[in-house]
Amino acid sequence: LRMAAAGAAGQEKQLAPTLLSFFIYNPKLGPKEGEEEKKILFYHPNEVEKNEKIRNVGLCEAIVQFTRTFSPTKPAKSLHTQKNRQFFHEPEENFWMVMVVRNPIIEKHKDGKPVYEYQEEELLDKVYSSVLQQCYSMYKLFNGTFLRAMEDGGVKMLKERLEKFFHRYLQTLHLQSCDLLDVFCGISFFPLDKMTYLKIQSFINRMEESLNIVKYTAFLYNDQLIWSGLEQDDMRILYKYLTTSLFPRHMEPELAGRDSPIRAEMPGNLQHYGRFLTGPLNLNDPETKCRFPKIFVNTDDTYEELHLIVYKSLTSPFSLPDTASIPPTLEFCRKLDSIVGPQLTVLASDICEQYNINKRISGAEKEPQFKFIYFNHMNLAEKSTIHMRKTPSVSLASVHPDLMKILGDINSDFSRVDEDEEIIVKAMSDYWVVGKKSDQRELYVILNQKNVNLIEVNEEVKKLCATQFNNIFFLD
Amino acid sequence: TGRDPPGPAEDEAPAAAAAGAAGREGGGGGEEGEGRARGGAEAGGCYLALCARPVHFEKANPVNCVFFDEANKQVFAVRSGGATGVVVKGLEDRNPISFRMEDKGEVKCIKFSLGNKILAVQRTLKSVDFLNFIPDSPQLEYTQECKTKNANILGFCWTSSTEIVFITDQGIEFYQVLPEKRSLKLLKNQSINVNWYMYCPESSVILLSTTVLGNVLQPFYFKSGTMSKLSKFEIELPAAPKSSKLSLSERDIAMATIYGQLYVLYLRHHSRTSNSTGAEVVLYHLPREGSCKKTHILKLNRTGKFALNVVDNLVVVHHQDTETSVVFDIKLKGEFDGSTTIHQFVLPPRSIQPYQIPVAGPASVTSQAPVPCKLYSSSWIVFQPDIIISASEGYLWSLQVKLEPVVNLLLDKGKLMDFLLQRKECKMVILSVCSQMLSEPERGSLSVIATVFDKLNHEYKKYLEAEQSYTMVVETGLSRSNPLLKRPVRTQAVIDQSDMYTHVLSVFTEKKEAPHKFTIAVLMEYIRSLNQFQIAVQHYLYELVIKTLVQHNLFYMLHQFLQYHVLSDSKPLACLLLSLESIYPPAHQLSLDMLKRLSTANDEIVEVLLSKHQVLAALRFIRGIGGHDSISARKFLDAAKQAEDEMLFYTIFRFFEQRNQRLRGNPSFTPGEHCEEHVTFFKQVFGEQALMKPTTF
């Protein structure tokens, strides 16, 4: 049991952490003195003077090299300084990614003058290390590995790809709202009964058979995954892309209602509500472009280059067939639309019906009593009643950042040992935070009750486990 | 005269009549059609065949008269009126019955009662003679004259081993035969003008043709001494008859049981005045109660001479002109016009399979080649339900439906299954169709495969439900109040999971010729179909799915299936998962979850945890479910010791000391717990003083 007390913020102004710089280098590319610039593959912000870039890269190289003498297999992952924190990641041999984040600042006023106080201990290493790793995963999903780019077109090609990708991607990082969920990078699964699930299976199998260039399919409903033909790691990052980037972008026009321009552009599509989120906008326009984003999966193994087709039914399930390297034609898109569209509309109503039945049975319509985060390392299943719906910009936690930080701290504790553990923390103003780890599962609960003691908190959590996790082997 | 159709059902037709029919029909049409029939045979797919072991009898000639009895399916060869011998052969009874009887004149009709107890012989128009075949009963013939004055006996039928019906031109007379007394007792009679009659032994119904035109049919039903009159009905004639003469011939009428129901089949010939494209068979359903209704029309789309058979619930229509036959299945979908269903033939017309007549006698010269039998010969006589007799060659066959050729004739697999599932000997054919559609070169699409699975499981579920409700009735003791209750019959159409597994799915997955994606899709489709019909899936199917997924390293797929409970929880499945842990670590968690959900596998959970040295977890689990007072201390201490963690051992040891204290008032272990070794170890590591002291009150 640990006691943590967090003071309430006074008149001060808090400045959120921000990205200072982000660079990628490979020491093998410019080993000689005077050629250091060659090592740098990408540097953000680009405006930084050349020598400073070289200096910063050199510093990182030195730190990694230095710490390697103490731990040859696990060199430094982060460097803490007063003003910022640096994160190191070597996703492919000799390719280093570095992210420098400025610590949050409290701006105080002393004698009418602003005084800045850096919050050195606020940032959680695990959270930002995970963000950095995801940067790589996302890059790899759309571009393949660094090495492959080098093989395809040398350093020039790699630099181009990095520039093109990270230039936009870094703007979407939102470092101020990163938390435990970024560590997990989990997948939310849609609960479904066996029969409906089997129907979906059957639908996918038949669709893949009749559209034989479709190699893998993932099926989502309500931003939650139901089926993935892709392997877990690839699905994990694709899921993140879809739910935090692609789907939210397409949400706004839909909310605008039936008269929105997008629907008006699709005449003669009355029998079903399907449409493409990637690829052609209007199937009836022969001039329409059939360009689908390429994605790279199984990069450790078969290294497959696929086209990402995202097809959506208005009632909101998403089917994402990924096709083989043959570029899908407009004719193919029309076929897919005619095969998948009507069936998907029917399936969606099946799922919706089942969903409503389940909701009625479990009585889950009410606001959840507990605020919790659940994560299973085995299937990456993630459940959070703390976070509100993800928006294009950010996924927001509904609790105080200090509580989120406690969750992060508990998680760091858990990752240090293999055994099952339980940690109960008394936080500020009647808040209790409970962390439980059982085998590969982690559960974090935030309770807010006046005048409760440790035993009562423990009882509450037991109650939660009995109702929410009755189906799994989760030790009390 | 050649346009006359051959008689489809000439009951107890004497050889003379048979010969007459042959003469009447002439041979010309048959010979013309021969070439075409061969063509049909060569095209393959002859789905009709004559049985391999026909009844051979001495063919009809001036001294030898041949009779056929539909009830016992026996052929009588009567030489010189019986004086030089009567030989009776049946399809079922292989040993012929031979006897002699006095020649008292020309035999018109001769039949055994059921069980060959009494022989009835009609020699005159007024009376029938009887001869007992019961051992130790009087052997002298006795005679019964018909009761109705001036009536002529048209024939007679046995309705049981001792009950007989005389049909006269003025009505019917129902008698009980008293063999011991060598006399008959009239049970009931009914006056009615009769043109001709027909008997269906399967359903004990006699049909009488009455009125001048002959198209009003009066059925009678016989059962254990009672005779009941069913409601009469009228057969619609194709065109208004020009004169008041008999317009409905018995040759155009047949009676047969199809799918357990009695039907009167009427062969309606093509008439120039109506717009019909050809002849058709009209089916009238004759229920035991209620009125007879026209229910089905079978379109023949051709004209000429026809004969009917009913085999395996299929109506077979032979066409002499083309020497081909077609089949109809009234259970298959037809065109419903509000009152009747119109059917087209299910399979393309084909000839009966070419047949070789074995050269007579085993002693004959072996080098002599068998003679091809003339099919659709004009000397053929057809009886219901499935009998074909060649009077000129002296053969009696039963007609059979061959299912293998059907597979290549019905390309729509859904329709093929509908057809096969109604056939008696369908199981192996269905299973081979299933195997075929899963492998190249004739691999079916998943939607076709799904349709087939759904059809099979629909039938399977029907049986399971019947079986279940039967068991329920028996178990609740209600069976005594319902004597009609019968255990549901398991027909060959019930293809269960074990059949599919053994003959289709396991073979298919082992062959590994199909891409694994297809293999898994097929297995999932079968499981989907079973679930759709709410049939509990057997463990071996899940095992097959898991095996296939593991073989192709598709662990993530497996994980997802388990996550959505597609593979239902069971102890064997949990154990199988445990065995996969070394190649797929998450299987451990999946297995434990499953054991937990089963709620009957707490011992197994403890074993799994202990085997992983998770002694504390095991103890916490067992305490959580309240079972910690009865567990073996030794087992836990063993595991704790093996974990080589002294603190763990201390904790576990202390726990049990406390348990001992609580249960027996003393912390020490009893000899029965066999923990001496652990106590010694504890003392050795932590010292004697660390042992818990007994609490004294």
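Predicted model: local features only at pLDDT ≥ 70, side-chain atom pairs only at ≥ 80, totals over all residues.
## How much surface is involved

Chain B puts 37 residues into the contact, and chain A puts in 38. Together the two chains bury about 3300 Å², with 55% of that on carbon and sulfur atoms.

The rule finds 4 salt bridges across the interface of chain B and chain A. One of the salt bridges to look up joins Glu422(A) to Arg620(B), whose closest N and O atoms sit 3.9 Å apart. The cut-off here is 4 Å, so that pair counts as a salt bridge.

## What chain B brings to the contact

Which elements of chain B give two or more residues to the side that touches chain A? They are helices H6 (446-475), H8 (516-532), H10 (555-563), H12 (586-598), H13 (602-611) and H14 (615-624) of chain B. H8(B) provides the largest share of that side, at 9 residues. Sorted by class, the side of chain B that touches chain A holds 18 nonpolar, 12 polar and 7 charged residues.

## A four-stranded sheet in chain B

Over to the strands. Chain B has an open sheet of 4 strands in the order E7-E8-E9-E10, and the pairing is antiparallel. Its edges are E7 (109-112) and E10 (142-145) of chain B, each of which pairs on one side only. From one strand to the next, the twist averages 20°.

Zooming in on one pairing, E7(B) lines up with E8(B), residues 118-122, in the antiparallel sense over 4 bridges. If you want a residue-level handle on it, Lys111(B) has Ala120(B) in E8(B) as its bridge partner.

## A hairpin in chain B

Another strand pair to check out is E17(B), residues 216-223, with E18(B), residues 226-229: these run antiparallel and are joined by 4 bridges. Tyr221(B) has Ser228(B) as its bridge partner in E18(B).

How many residues lie between E17(B) and E18(B) in the hairpin they form? There are 2 residues between these strands, and Ser224(B) in the turn has a positive phi of about 25°.

Notes:
Residues numbered from 1 in each chain as written. Chains lettered and ligands numbered in written order. Heavy atoms only, no water. Contact = heavy atoms within 4.5 Å. Buried area = accessible area lost by both parts, 1.4 Å probe. Salt bridge = Lys/Arg side-chain N within 4 Å of Asp/Glu carboxyl O. Nonpolar A, V, L, I, M, F, W, Y, C, P; charged D, E, K, R; others polar. Pairing = 2+ DSSP bridges. Axes fitted to C-alpha atoms, helices over the stretch in contact; angles between N-to-C directions.
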